[in-house]
Amino acid sequence: ILSSVTLLSAFILAACGNGEKKATETTAASTTKAQTTTPGSSSRAKEISLADTQRIGNENFGYINIPKDWVVYNFKAQSSKTLKYSSPDKHNMLLMESNTKDTVELGPNETFDAQLLADRLYSFWGKAKNQTSLEGVKAIFASEDAFLIKVTFKNGNILYEWVFQKGDKVYNITIVGSEDMIKALRPVLEQSWGLDPNIPGK
C-alpha cells in the first residue's frame, strides 16, 4: 500500500498541473450502479451496513461514510488538500479531494470540469509502471454523473477513483485496497457522500 500512497500523492499533483489531454477515446460509456452482495453470491465480500460506519469529512471535501474502525492516516507527505483515512492494518485507504477552477492550471483550450481532471488522471495512471490494468467508465456517484477510474497494481491492490462535479467544485473520492473490501464498501461510498455532515446522501 505504501507504493500506492506514493503514487496517489503524485497523481494529486498531476491532476492540478499540466497533465496529458483527453483519454476519452479509451473511456467506456457504460453506467455503473451501486451493487450490494446477496446471499449465495460467489463474492467473498461482505455487505457493510451504514450502522457499522462513521461519517467523516468537512465542508471542503464533502462528507462520506466509512467503517467505524478506520482512522485518519498521517504520513510525512501529508497534504492539507487531501483527507486520508485507512483501515487499522493500513491495507485499505480512502482519500478525499476537491478542486475549484483557481486551483487547477488550465491550457489555452481547456475548460475546468470533471472530464478534464478525469482525463489527466487516466493519462497519469496509464504511465504508472506498477499498474497491470486500467479502465475508465462513466458512473453514478451520490446521484451525480461521474467518471470512474479503475486501476490494478502488481501487488494485487486495486484503486477506484470517482471524479465528479457538484456546483463549482470537482470532487475526487479514491479507495485503494483489496478487491473484496472495495466490493463491500463501494455501495456505501456511492450512496452516502454528500454535503450534509449528518445525513448520508444529502
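## Ile64 and the nonpolar cores

Ile64 has contacts (heavy atoms within 4.5 Å) with Gln54, Arg55, Ile56, Leu94, Met96, Phe141, Ile173, Leu189, Ser192 and Trp193, leaving aside neighbours within four places in sequence. A second, separate core of 21 residues includes Ala118, Leu121, Phe147 and Val151. A nonpolar core is a set of buried Ala, Val, Leu, Ile, Met, Phe, Trp, Tyr and Cys residues joined through side-chain atoms within 4.5 Å. Buried means under 20% relative accessible area, exposed over 50%, partly exposed in between (1.4 Å probe, protein chains only).

The largest nonpolar core has 28 residues; Ile64, Leu94, Phe141, Trp162 and Ile175 touch the most other members. Elements that each supply at least two residues include strand S3 (62-67), strand S7 (131-141) and helix H3 (179-192). H3 gives the most, with five residues. Helices (H or I, at least four residues) and strands (E, at least two) are DSSP runs, numbered from the N terminus.

## Model and confidence

This is a predicted model: local features need pLDDT of at least 70, side-chain atom pairs count only at pLDDT 80 or more, and totals for chains, interfaces and linings use all residues. Residues are numbered from 1 along each chain as its sequence is written, and side-chain values use heavy atoms, with hydrogens and water left out.

The chain averages a pLDDT (the predictor's confidence in each residue, from 0 to 100) of 80, and 74% of the residues score at least 70. Confidence is lowest in strand S1 (residues 27-32), at a mean of 30, and highest in S3, at 97. Over residues 9-44 the pLDDT is below 50; this stretch has 74 contacts in the model beyond near neighbours in sequence.

## Helix H2

H2 (residues 114-126) is mostly covered, with 10 of its 13 residues buried. Among them are Leu117, Ala118, Arg120 and Trp125. At the N-terminal end, Asp113 caps H2: a side-chain oxygen lies 3.3 Å from the backbone nitrogen of Gln115.

## Salt bridges

The count is four salt bridges, each a side-chain nitrogen of Lys or Arg within 4 Å of a carboxyl oxygen of Asp or Glu. Arg120 pairs with Glu110, the closest N and O atoms being 2.7 Å apart. Arg120 lies in H2 and Glu110 in the loop between S6 and H2, so the pair ties together parts 10 residues apart in sequence. Both Arg120 and Glu110 are buried.

Helix H3 holds Lys183 and Glu179, four residues apart. Their salt bridge spans 3.4 Å, N to O. Lys183 is partly exposed at 39% relative accessibility, as is Glu179 at 43%. Arg186 bridges to Glu190 at 2.9 Å between the closest N and O atoms. Arg186 is buried at 10%, and Glu190 is buried at 4%.

Terms used:
Polar contact = N/O pair within 3.5 Å; in protein donor to acceptor, adjacent residues only side chain to side chain.
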